Amino acid sequence: MTDEIWVSDITVGMDLQRPFRALVPDDFPEEPSERFKAFRWQPGSGYHANLYRWQRHGEPLEQQDILPDFFQEVAPEDHDFEPHYGEYSPVITLFGILAIRSDVADILKNLELGQGGLYPVNLFERDKITPIEQDYSILWIANKSGTLNIAESKSLRRARPDRDDLFRLPEWKDAKPGDVVCNADAASGIDIWRDPGVPHRVFLNGRLKHSLDEAGFASAFYLHRLAVK
């Protein structure tokens, strides 16, 4: 099944999946680590805003690079995130970084993540003492260029007018089969990846997609199948 490529809208559809609204930890560092300083740290942007930028540029993560604790800003019963009211979804976001529940993480542990990985975090309720009922890990997704077959695709647009290497995918409601085409060799190697040329999207190959199907989690990733040539 590795000849299939699926694109996930999870990073742009999180309002439907986000019962855990993270509060910036009180103890997030004023100064970045030496690794962050080497990566064009932007003062005032916030620790995890910079961490999100780091992932977009394909830098590998180490456990020491993340903050271990996150706190609930709004209790589940105080918000209107249907249909997951009062529950914690298979995928949540921590300041733009994806975190997955332990039952989803168990699937990815058996697959190839390349320079990506799973990094346990501690999530607490608003009192900053009581752990939430589910275990989560940050899902760090490696970068891999060359996913899109630009010549064969019909509905790509530039993400920025001054860049000819950044692309925006079409609205799915308007897209036709074959409007977005991927290179066949993009499906091999790692099972989940980001492409620097397609901001805010995550790609999966067939092996991971069908593993998520079997476990009942595919719908949590907002997947669309792409053509492959």
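**Close-up views of a predicted model**

View 1. With a relative accessibility of 1%, Asn205 counts as buried (buried means under 20% relative accessible area, exposed over 50%, partly exposed in between; 1.4 Å probe, protein chains only). This is a predicted model, in which local features need pLDDT of at least 70 and side-chain atom pairs count only at pLDDT 80 or more, while totals for chains, interfaces and linings use all residues. Residues are numbered from 1 along each chain as its sequence is written, and side-chain values use heavy atoms, with hydrogens and water left out. Asn205 belongs to strand β12 (residues 202-205); helices (H or I, at least four residues) and strands (E, at least two) are DSSP runs, numbered from the N terminus. A polar atom of the Asn205 side chain lies 3.2 Å from the backbone nitrogen of Leu208. A polar contact is a pair of N or O atoms within 3.5 Å; within protein, one must be able to donate a hydrogen and the other to accept it, and residues adjacent in sequence count only if both atoms are side-chain atoms.

**View 2. The largest nonpolar core.** This core has 23 residues, of which Leu108, Ile192, Leu204, Leu208 and Leu212 touch the most other members. Two or more residues come from each of β5 (97-101), α3 (102-108), β12 and α4 (206-215). The most come from α3, which gives four residues. A nonpolar core is a set of buried Ala, Val, Leu, Ile, Met, Phe, Trp, Tyr and Cys residues joined through side-chain atoms within 4.5 Å. A second, separate core of 18 residues includes Trp54, Leu61, Ile66 and Ile138.

**View 3. Surroundings of Ile192.** Leaving aside residues up to four places away in sequence, Ile192 touches Leu108, Glu112, Leu113, Leu139, Ile141, Val202, Phe203, Leu204 and Leu208. Contact means heavy atoms within 4.5 Å.

**View 4. Ser137 in strand β7.** Strand β7 (residues 136-140) contains Ser137. This serine counts as buried, at 14% relative accessibility. Not counting residues up to four places away in sequence, Ser137 touches Leu98, Ala99, Ile100, Leu118, Tyr119, Pro120 and Val121.

View 5. His200 sits in the loop between β11 (192-193) and β12. Its phi is near 70°, a positive value in a residue other than glycine. At 36% relative accessibility, His200 counts as partly exposed. Tyr222 lies in the loop between α4 and β13 (223-228), and phi of Tyr222, also a residue other than glycine, is positive, near 50°.
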